[in-house]
Each structure stands twice: as structure tokens, then as C-alpha cells.
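Please keep the structure open beside this report. Each section takes up one part of the fold.

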Amino acid sequence: MKCQQVRRWLSKYQDGCPSGREANGVATHLRGCAECCRMRDQMISLDSEVRETLGPRLEPLSHLRRCVMDHWLSERGAAIARRRRCYPLLWPDRAATLFLLSLSVVAALMTLFHHAWWQQNEQSKEQIRPIVQVVQPERPLTARRRLRSSIAGTHSSKYVKRGLARRGTHGSDPLDASEFHQHGDGRPALHQQHLTVDDLVHWNSDPEIATREWTALSVDEWDRIEAGVRQAIRAPDDFVQIPFPRLAAASDRPIAQAVESYKREAAIVDPRLSRAVTCAFKAVALSDLCDRLRTETGIQLVAGNSVADEKVTLYCKEMPLRSVMRQLSRPFGYAWTRSKKEGGEYRYELLQDLRSQLLEEELRNRDRNAALVALEREIERYRPYLELSPNEALARAERAPAAEKPLLEKYADVGWAPIQIYFRLSPQELAMLRAGQELIFSEAPRPGERQLPADLKRGVLECNRHYRIIRQADRLDPTGDANDPRAAPLADVPEVKAKLAIMISESELGQFTLRGHAGAFIERGPHHRHGWSTFEGRPPYAVGRAPSLALAATERTKSPAPRDLVLRTQVTLRPQPSSLAPQPPATGEGSAAPEPKLTTAEVLEALHRATGIPIVADFYTRLYEPKQVSARGEPLSVLLDRLGETMRLRWRLEGDSEAPGATPSGAEKRWLQIRSATYYQDRLKEVPNRLLTRWAGARRRHGMLPLDDLVETAGLSDTQLDGEEMRQGAVEWWGIPEWSLLRYDDFRPHVRFLAEFTPEQRRMMMSAEGLPFGKMNLAQQQGFLSYAIKGDPLRSFDELAGATLRVDYTQPGAFQWQKPGGFTPTRWIVRVEPGPAGRRVLIPPIRERTREAALAAARRAFPPITPALLAAFRQSDPTLDADQILPQPNQIFPTELDLVVVYIPGTATARGFRWFRRGQGPLVADQGG
Amino acid sequence: MNGDDVQREQIVGVQSWCLAVSESDERAVREAALLQAAQTGDLTALDELLALYERPLLVFCFGILGQREDAEDAAQDTMIRALRALPTLRQGQASFRNWIFKIARNVCLDRKGKRQPTEWLDEDRLAIGRELNSPEELALRRLQIADALERLPPPRRAVFLLRVLEGWSAEEIATAVGWNQKRVYNELGKARGALIEWRRRSAEDEAKR
């Protein structure tokens with residue numbers, strides 16, 4: 001056959017038309033002709049593409065047939081009623097009716113008599129039939145054939161055929177092929193059922209068939225069967241997930257029964273779900289939403305644990321509950337399951353299955369990889385400058401064009417050190433870095449640190465421009481005074497050593513940041529009794545974001561001129577802030593309070609009011625300026641695209657609705673589905689409403705978030721606490737400013753450590769004495785020591801005399817004593833004896849409502865320690881008098897929101913105490929010497 | 001090609017023929033029983049009978065009208081008309097399939113003459129999360145396929161969709177639309193040819209860009 005001829009036959013060949021010689025000819029040609037083979041493959045793939053693309057869109061609506069039947073029945077009912085009205089005219093004679101009735105009774109009696117006679121006759125025939133019969137061998141059915149015959153009971157074989165054909169198994173399925181080969185003669189097995197076979201064949205079978213009968217189907221095979229059955233048997237309530245039976249039974253009947261049971265379950269239509277409901281839920285958790293729907297309708301609706309805390313916004317008017325339930329499951333990849341107790345009513349539970357969860361995980365991984373690639377691209381921008389020293393880079397930055405300048409300035413600063421080392425890392429070190437591990441390179445490495453390449457030393461020290469060294473006779477003194485003529489740059493002092501640190505952190509989901517520090521240190525020795533070190537860094541030096549975190553273009557933007565009339569509607573949008581949102585205070589006297597921000601829920605509420613379109617959307621905390629999300633007379637499609645880009649959302653106007661009587665293009669029956677473009681990231685960042693409500697309530701009651709609640713907040717995951725939008729929402733929308741205290745991930749472990757204590761212990765921590773070491777249990781003591789004496793092993797338990805844990809938690813609105821000159825540890829502790837074996841005392845928290853009261857309280861607290869203080873201070877300044885060390889009015893400052901955890905390892909000053917504060921720490925102070 | 005391969009081709013061919021005949025017979029018997037029961041007023045049988053043709057009718061109407069909303073309305077009208085006229089259908093006079101598709105064809109032609117479709121692309125019933133394609137990719141693919149199908153003449157499109165989506169044989173399609181089998185095969189061949197040509201041109205355009 002020639003190619004041209006074969007190509008004419010190809011479509012028919014695919015449809016199974018040519019037979020015999022022509023089919024063989026085509027098959028032979030196809031084996032030898034790559035071009036024709038490609039064309040056949042194209043035809044096959046085209047068919048499957050059309051099937052996959054259009055197939056799901058052409059599923060009939062679940063209520064289509066019901067509507068037809070209802071319509072026709074009502075028509076027929078009306079016709080019968082009309083006929084009944086005419087009945088007396090058709091049957092005027094009552095005697096005729098009686099005659100017909102009696103005739104029917106006689107006919108029935110005759111039928112009964114004939115049936116009894118026939119049965120008797122059959123029994124007599126049975127008695128003379130031979131006892132021995134030839135038993136026809138039963139051919140074992142494959143699982144698929146069982147299901148096919150079972151389904152065909154009530155459904156068209158066409159559906160089954162379509163279901164199987166759609167999976168590409170029909171006609172070329174190995175299972176079906178085995179049906180023809182199992183007897184070895186190539187004849188169709190369907191015909192063999194009529195053959196008479198001898199006993200040996202009846203008793204013995206092919207071991208392969210026997211094995212197959214008892215071996216469980218592979219998961220893939222079973223899934224295909226399940227898909228076929230699900231395709232063939234469509235559930236009217238198709239948003240309900242009906243578990244497909246899995247059986248241990250290997251005989252036909254249970255499998256057929258299981259499919260029957262599936263069919264029964266799939267055919268259930270709960271009439272209660274037709275009840276119309278009106279919903280106005282804004283950023284509500286699914287568990288609360290289900291509770292409210294349950295109260296309203298009396299139907300058991302529950303949100304399972306996997307979705308209970310997910311928040312949605314739902315607005316609709318008089319929609320069937322069935323439709324609402326469908327909108328709560330389908331757009332979000334959730335599923336309703338249905339269960340029933342004996343004699344009870346159906347209970348529905350909304351769940352997200354593992355597959356859906358894993359799909360989201362896959363999306364997160366995809367974003368993570370994309371962010372790492374973006375970070376790499378950002379870092380590569382530094383490559384052209386690698387040959388420059390920090391000072392050269394600084395000089396070049398001064399004359400660089402505007403586009404290049406910011407990058408060069410970052411590089412010329414401390415960024416030089418991490419960038420340089422990044423390009424020298426081995427693949428293993430890069431892998432460790434990307435896994436979140438911090439790498440430290442030092443000239444004198446400690447355990448766990450790496451050796452700093454010698455050629456980087458000078459550059460690292462050059463980065464630290466804020467310090468210089470003054471060389472005295474017997475020591476080296478660091479100074480911040482760059483103009484001191486005695487001071488030399490760090491790089492010019494051989495005793496000063498260099499150190500740098502580099503790390504890549506996932507600062508938010510889908511966003512990686514390169515951070516680094518560069519520093520200098522002088523080891524403890526003859527030049528410096530305690531050693532000295534400084535570390536500086538201004539991270540981040542490069543940020544890589546996944547493309548999904550950028551503003552999302554929505555699906556509809558691809559369709560520039562929608563033909564849908566609903567989308568052409570002109571809409572004016574004026575969203576109003578929720579009354580729940582606290583009003584932000586004015587920033588200063590005379591200035592107006594800033595306009596409260598809006599959430600997506602408030603915007604969607606306004607959209608529903610403006611258009612009447614039912615809306616379902618997920619909710620994640622994000623705030624927007626009202627002007628960003630307002631509109632005046634914009635076409636709906638344009639507005640939705642703009643909102644989508646501003647609020648990182650995607651939208652879809654669904655055509656399906658079950659509202660009776662609504663027109664297909666009517667806005668009131670079409671759901672507007674909205675979902676965050678980064679929902680798979682946002683879900684992990686969002687904090688449940690039940691927690692936020694409780695914390696916001698506690699804050700309103702106490703005027704501040706109690707420490708116990710703050711400690712509980714710190715128990716949230718890092719992802720939740722790192723989320724910038726969630727933090728903004730918690731502070732501005734929920735009114736919990738304390739959230740910002742937990743912003744720094746190196747401070748969180750200390751707040752989380754406080755969760756190991758009882759509320760009573762935490763109260764003691766906030767008192768003047770703090771929580772003594774002796775009142776901690778063993779685990780708490782171990783935790784305390786790991787923070788208090790880190791890196792300097794304990795030599796004797798006597799060192800812990802007077803060891804205390806203290807927490808300083810302050811709120812704005814009061815005044816406290818504090819030594820001028822910034823944030824100093826003398827707020828809590830004052831040394832009263834000089835020298836390595838000196839002694840220190842704790843100062844009680846001095847905090848009052850007014851400035852005067854705070855000063856008076858501070859002066860009351862000082863007299864008992866004044867003599868000791870005076871003696872100590874006079875050693876360095878003999879002219880000091882008692883009045884000078886007493887608190888002064890200029891040492892009283894307004895309090896601010898702050899939390900400091902102070903680990904005091906004892907009253908002896910041999911060991912410094914360590915304190916941690918948001919964004920600071922560990923800071924070591926008051927070490928004797 | 002060796003002898004076994006030829007034998008295998010033939011066997012598979014015979015197999016699909018046997019199954020088709022078997023299922024076709026089974027379906028015809030079942031359909032006749034349902035029709036008879038439905039004509040006597042058995043509502044369950046009537047419902048089952050409609051269930052057999054619900055989706056094929058929708059696909060057929062979609063093929064003619066090219067728009068889902070219109071196709072749904074047409075399928076609904078067809079079923080209502082069929083129910084009204086069911087008592088007048090005599091067994092053996094015409095097959096139910098042929099009869100109901102004749103109604104569907106008339107309904108579609110009526111509707112096609114009366115109104116224009118309002119919307120072609122509606123985003124519904126897409127299995128969420130089935131593939132990790134982006135919505136843009138999926139929408140683009142749907143648009144392309146829809147565009148290609150829209151270029152086919154409506155009867156050819158209807159026949160092609162019945163074959164591809166419903167898996168109907170040429171014989172079944174021929175019964176439904178009142179053509180002979182040869183014409184059905186020809187129409188299917190032309191539809192596939194046109195779609196392959198469209199795909200080739202799309203690939204060329206894509207390469208140029």
C-alpha cells in the first residue's frame with residue numbers, strides 16, 4: 001500500500017472499519033513507514049486531547065434529567081386533571097362500568113386456574129428428567145468483566161464502554177487479550193462457554209489464571225477500574241465523595257455487591273439539601289461556618305480537622321444548600337463525605353484528602369526551587385565586582401550610575417565578606433547553606449567553624465570601618481573615633497583577627513535571603529585581658545522570590561473582551577472597614593487618624609452588594625489601603641482583574657448553578673469563585689481565628705497581651721510568625737501589637753523557653769527578685785544553664801548562688817527609670833563590689849504612671865544600695881558624691897513595648913549575665929574584671 | 001513484520017467486533033424493555049431510558065451548537081419533546097436512538113436559527129489539582145481546542161464528538177443521525193484531517209514566534 005492510500009484509510013482504521021486484507025495492509029505499512037505512523041499517533045493523541053479537554057466540560061448537570069421529568073410530570077398531571085373533568089362525558093352509563101369490572105374478575109379467575117394446572121404439569125416433567133447432567137465449565141471472569149456485567153445491570157453498556165475506552169484500554173487491554181489466549185486456541189472465549197469439555201479440563205486450570213484470581217490487583221489497575229466505575233455511575237450529589245469499596249473477597253458476588261452498594265450510595269440525593277440558604281460570612285473559619293449552617297438547617301454539617309481552621313468568605317442569597325456545599329468543596333480541592341447512623345439522618349463532613357495536601361506540598365516545593373534559582377540570579381549580579389576590595393568598591397560606588405550604585409554600596413559595606421566567601425564555597429557547603437545552616441569562617445576557628453582563606457582577611461577587616469585600634473604600651477584599645485590620630489584601621493593591626501558568617505534563610509515561604517556578618521576579634525591574652533570582638537552586618541545582601549509571590553496575572557486577562565454580559569456590568573466599589581477592626585490611633589496632636597485598612601473579605605462583601613453575584617473565596621490576612629481596592633463605574637471583568645493583581649487573587653465566574661428558574665446568564669445564580677494565587681503558601685502562614693479571637697479578647701480585657709498569652713503566641717510555627725502580611729494583620733486588624741515582639745527568629749527560642757514554666761513561675765520572673773534557680777525543676781534548670789552560661793562550662797555549683805531568671809515585659813503608657821545613653825542593663829542589675837570576685841544586686845522594676853512617681857520610686861529603691869555603689873564608683877572617680885549616683889529627673893523615660901529575658905547566673909560578677917531582647921542578643925554584661 | 005503480529009492484529013480486531021456486537025445486542029434488548037416499560041407509565045424505566053441518552057444528547061447538541069449553555073437547553077428541550085411524544089412511538093417502527101436524535105437535530109436547528117451563542121468559554125467542571133498545569137496553560141489549551149473545533153462544520157463536529165467523547169461506533173452514530181456508515185467514516189476522517197492540519201499550522205506559528 002502507498003502512503004497516500006494508507007492515509008485515506010487511517011481514520012477508518014482507527015475506528016476499526018477496514019477488516020481483513022485492508023487492515024493487514026495498513027498494519028504492515030504502518031510498521032515500515034515512520035511518517036504514517038506519526039500521523040496515526042497524532043490522530044490518537046488528538047482524540048485523547050479532545051477527550052481530556054472537553055470531556056469534563058460536557059458532563060450533564062446533575063439536575064438536568066430531574067428537571068425534565070418534573071416538567072413533564074407536571075404537564076401530564078395537568079392533562080390528566082383536564083381529562084378527569086371530561087370523565088362524566090366519556091362514561092355516561094354506570095351500568096357499562098359494572099359490566100367491564102365483572103368481565104375482568106372472570107378473566108383473573110381463569111388465569112389463576114390455568115397457572116395452577118401448568119405448575120402441576122411441570123412438576124411431573126421434572127420427575128422424569130435424567131439426574132446426571134453435563135456441567136458446563138465456568139470460565140473465570142476477570143475483575144473488569146465482573147464490574148462490567150455488574151454495572152450493565154442498571155446502566156447502559158455504552159457508559160461502561162465509554163469509561164473503558166476513555167482510558168485507552170478498550171480493544172488493546174492486556175486483560176481483555178488474556179481472555180482470548182487463556183484457552184490457547186485463539187477463539188473468542190465468549191463462544192467457548194458453549195463447548196462441552198472433559199473432566200480433566202474441568203478440574204485442572206492454567207496456574208497463571210489461578211494465580212491471577214487470588215492475587216490482588218495492582219494499585220494502578222484497581223485505580224483504573226475505580227475511575228471507570230466512577231465515570232459510569234455519576235452521583236447526583238457529585239460534591240460528596242463516596243469511598244470506593246476495597247475487597248478481600250476474590251469471588252464474583254461480593255465484588256458485584258460492592259459495586260451495587262457503591263451505586264446505591266452514589267444514587268442518593270438528600271432532599272434536605274435543596275433547602276435555600278442565605279449566607280453572609282466574612283473571613284469565617286469553616287468549622288464556624290458549618291456550625292452556623294447546621295443551626296440554620298438542622299443538617300449535620302461538620303468541617304474535619306484538616307480544614308476546620310481554613311477561613312472563607314461566602315456571600316449568597318437564597319441558594320440551595322447543595323450548591324453552597326459544592327462551592328465550599330470544589331474550588332478548594334476539598335471533599336464532602338457522607339455517613340449515616342442506623343435510623344439516623346445523613347451527616348456530612350468536609351475534608352481535604354492527603355492527595356490534595358501533597359499536591360499543595362508539591363507547589364510549595366516548586367516555589368522553593370524557583371526562589372533559590374532567583375536568589376542565585378541575584379547573587380550572580382555581584383560577580384563582576386569580585387576583583388574589587390571593599391575600599392575600591394566604595395570608591396567605585398561613589399561614581400557609579402544610579403542603577404549600579406545600591407548594589408555596589410551593599411557590596412562595599414559588610415556585604416563584601418559573605419559575597420566573596422559565597423563564590424568560594426564547595427558544592428557540599430552550598431548544599432548546607434541552602435539547607436539553612438550558618439557557616440562561620442574564622443582566622444582562629446573554634447569547633448564547628450571553618451578556616452578563613454588567608455587572602456580574605458584584609459578585605460574582611462576593611463569592611464569593618466566603624467572601629468579602629470589604639471595601640472597602648474601593653475594593650476590594644478578599640479575605639480569608634482575615626483578622627484583619633486592614634487587610631488589605626490583594623491587591617492593594619494596584626495593581632496586583630498577576621499571572622500565572617502554567611503547563611504541563607506527562608507525568610508518567608510517562597511522567599512530566600514542571603515545574610516552575612518563580618519567581624520574582627522582580639523583573642524584573650526596579654527594584649528587584651530578579656531578579648532574583644534565586633535560583628536557587623538546589614539542583611540539582606542540578596543533576596544530571591546518565587547514568581548508566584550509577584551503580582552499575579554489572572555486567567556481572565558487572557559480574554560480581553562469578555563462576551564459575557566455579567567462581566568461587562570459597570571461596578572462601583574466602596575468597601576467599608578469592618579466594625580471589628582480597631583481604629584488606629586492618630587499619630588500626633590492635630591493629625592487625623594490614618595484611614596483603617598481593608599481585608600479581602602471586606603472588598604468581596606462590597607463586591608457582592610454591588611453586583612448581587614454569589615461569592616465564595618478563601619481568606620488570608622492581608623491589608624490594603626481603601627483607595628487601592630475602590631472603583632467607580634468599571635466593567636466587572638476589568639475590576640476583577642485589577643483586584644486580582646492588587647490582592648494576589650485569581651477569579652473564575654462559574655456558569656453552573658442549581659437555582660431554579662434562573663436564566664443561564666443571570667448574575668444571581670452564577671458563583672464568583674476567588675482564590676489566593678499563593679494559597680498553598682498562605683495556608684501555612686495563616687493563624688486560626690479561634691486563637692486570634694482569644695488573644696485579641698485578652699488584650700482588650702487587660703489593656704495588654706498578658707505574658708501567658710504572648711508565650712502561647714510564640715508557640716506558633718516560625719512560618720506563621722515570619723509572615724509579614726500575617727504580622728501586619730495581627731497588629732493592625734486584630735489589634736495585637738505584641739505580635740511584633742516575636743518578629744526575630746533568634747529571640748523566639750527564649751520566649752518559647754518561658755512556655756516550659758507555670759503561670760505562677762512566670763509571675764515570679766516579672767517580680768523584683770525574679771525566678772530563683774532553686775525554684776526551677778530539673779528540665780527548666782538545664783534550659784536555664786544552656787542559655788545563661790553558654791560556652792563557659794560551670795566549674796562549681798557555688799557559682800550559681802543567687803542565679804535568677806528575670807523577664808522585663810513593658811507596655812507604652814508608663815514611665816521608668818533608666819540610665820541615659822540608650823538601652824543599658826543597669827535597669828535590672830547594679831554591681832556593688834568591684835573586681836573579679838565582686839557582687840551585684842538586682843534592681844526592682846521601677847515603673848509608674850507618671851514621671852514624678854517613677855522618679856520618687858527610683859529614689860526610694862536606691863538608698864539601701866547607695867553606700868555600696870558609692871564605694872564602688874569612687875574607685876574610678878573619687879569626686880563622686882551620693883547625690884550624683886541617685887536617679888535624676890532626666891533618667892525617667894516613657895516605657896515602650898518591649899520584652900527582655902535576663903539570665904543572671906549568680907550574684908558573683910565572675911560570670912557576666914546574658915540578656916536577650918527583640919533583635920538583640922545575646923548581650924553579655926557586667927562581667928567582673 | 002512476522003506472522004505472530006498479523007495473527008495478533010486479527011485477533012484483536014475480532015475481539016472488538018465480538019464485544020461490540022454483544023454489547024450492542026444487550027443494549028438493544030435492554031433499551032426495548034425500558035421503552036416498553038416507560039410507555040406503560042413506569043417512571044423508573046423512563047428515567048433510566050433518559051439516563052442512557054442524557055450525555056450523548058448533550059454532546060450531540062454541543063457539537064451542533066458549539067456552546068455548552070445552549071447545548072444544555074437543547075438537550076433539555078429534546079428530552080421534554082421526546083417524553084411528550086413517547087406514547088406515539090411504536091416499537092419496531094423506528095429505533096428509539098434514531099428517533100430521539102432526530103428530535104435533537106430539529107431542536108438544535110431551530111435554536112441555531114433563532115439565537116447566537118452568548119459565551120463559548122466557560123470555566124467549569126475542571127478537575128481541580130488534577131494536573132499541575134497553571135490555569136493559563138489549561139485555559140489556553142481549552143481555547144485552542146475550542147477554536148479548532150469551532151472551525152469544523154456542525155454536523156461533522158457532532159459526529160466527531162460522539163465518536164471521541166462517547167466512544168460510539170460508526171454504526172451507532174449512523175443510526176442516530178440517519179446517515180449511512182460510509183458517510184460517518186468519511187466525516188470522521190475529514191474532521192481528524194482538519195484538526196491535524198490545524199495542529200500543524202499552530203506548531204508552525206509557534207515556531208515562528
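## A covered helix

Start with helix α15 of chain A. Its buried residues are A:L321, A:R322, A:S323, A:V324, A:M325, A:R326, A:Q327, A:L328 and A:S329. That makes 9 buried residues out of 9, so α15(A) is mostly covered, with "buried" standing for under 20% relative accessible area. Keep in mind that this is a predicted model.

What does this helix lie across? Helix α15, residues 321-329 of chain A, lies across strands β3, β5 and β6 of chain A. Its direction is at about 125° to β5(A). Another helix, α14 (residues 286-297) of chain A, also lies across β3, β5 and β6 of chain A. Helix α14 runs at about 175° to β3(A).

## The four-stranded sheet

Now look at the sheet itself. This open sheet has 4 strands in chain A, in the order β1-β5-β6-β3. The pairing is mixed. In general, strands of a sheet pair through backbone hydrogen bonds, either parallel or antiparallel.

Which strands stand at the edges? They are β1 (240-241) and β3 (300-303) of chain A, and each pairs on one side only. Strand β1(A) pairs with β5 (residues 335-340) of chain A in the parallel sense, over 2 bridges. Within that pair, A:V240 stands opposite A:W336 of β5(A).

## The three-stranded sheet

Chain A has an open sheet of 3 strands in the order β10-β9-β11, with antiparallel pairing. Strands β10 (476-479) and β11 (487-489) of chain A stand at the edges. Each has a single partner strand, so one side of each is left without a neighbour in the sheet. On average, neighbouring strands here are turned by 40° against each other, direction ignored.

Strand β9 (residues 468-471) of chain A and β11(A) run antiparallel and are joined by 3 bridges. Here A:R468 stands opposite A:P489, a residue of β11(A).

Two packed helices are described by the angle between their axes and the distance between the axes. Take helix α1 (residues 3-14) and helix α2 (residues 21-32) of chain A. They pack at an angle of about 115°, and their axes are 10 Å apart. That angle makes α1(A) roughly perpendicular to α2(A). The crossing of α1(A) past α2(A) is left-handed. On the α1(A) side, the residues that meet α2(A) are A:C3, A:V6, A:W9, A:L10 and A:Y13. Their partners in α2(A) are A:E22, A:A23, A:V26, A:A27, A:H29 and A:L30.

Helix α2(A) also packs on helix α3 (residues 34-54) of chain A. This time the angle is about 110° and the axes are 6 Å apart. The angle makes α2(A) roughly perpendicular to α3(A). From α2(A), the contact uses A:H29, A:L30 and A:G32. From α3(A), it uses A:A34, A:C36, A:C37 and A:R40. Notice that A:H29 and A:L30 of α2(A) meet α1(A) and also take part in the contact with α3(A).

## A partly exposed alanine

Is A:A610 buried, partly exposed or exposed? Its relative accessibility is 41%, so A:A610 counts as partly exposed. This alanine lies in helix α22 (residues 600-611) of chain A.

Residues up to four places away in sequence aside, A:A610 touches A:V571 and A:T572. A:T572 is 38 residues from A:A610 along the chain, yet their C-alpha atoms are separated by 6.9 Å.

Chain B has 8 helices and 0 strands. Of its 209 residues, 48% count as buried. Among contacts in chain B with a separation of 6 or more, 66% join residues 24 or more positions apart.

In soluble globular proteins, nonpolar side chains tend to be buried together. The largest nonpolar core here has 78 residues. Which members touch the most others? They are B:F96, B:F101, B:F160 and B:L161. Helix α2 (residues 43-65) of chain B gives the most to this core, with 14 residues. Apart from this core lies another, of 49 residues, including A:L461, A:L490, A:L500 and A:F512.

Look at B:F96 up close. Leaving aside neighbours within four places in sequence, B:F96 is in contact with B:E31, B:L35, B:L49, B:Y53, B:L86 and B:L89.

Terms used
Residues are numbered from 1 along each chain as its sequence is written. Chains are lettered from A and ligands numbered from 1 in the order in which they are written. This is a predicted model: local features need pLDDT of at least 70, side-chain atom pairs count only at pLDDT 80 or more; totals for chains, interfaces and linings use all residues. Side-chain values use heavy atoms; hydrogens and water are left out. A nonpolar core is a set of buried Ala, Val, Leu, Ile, Met, Phe, Trp, Tyr and Cys residues joined through side-chain atoms within 4.5 Å. Buried means under 20% relative accessible area, exposed over 50%, partly exposed in between (1.4 Å probe, protein chains only). Contact means heavy atoms within 4.5 Å. Two strands pair if DSSP finds at least two bridges between them. Axes are lines fitted to C-alpha atoms, for helices over the stretch in contact, and angles run from 0 to 180 degrees between N-to-C directions. Angles under 35 degrees count as roughly parallel, over 145 as roughly antiparallel, 65 to 115 as roughly perpendicular and the rest as oblique. A crossing is left-handed if the near helix is turned anticlockwise from the far one by less than a right angle, and right-handed if clockwise.
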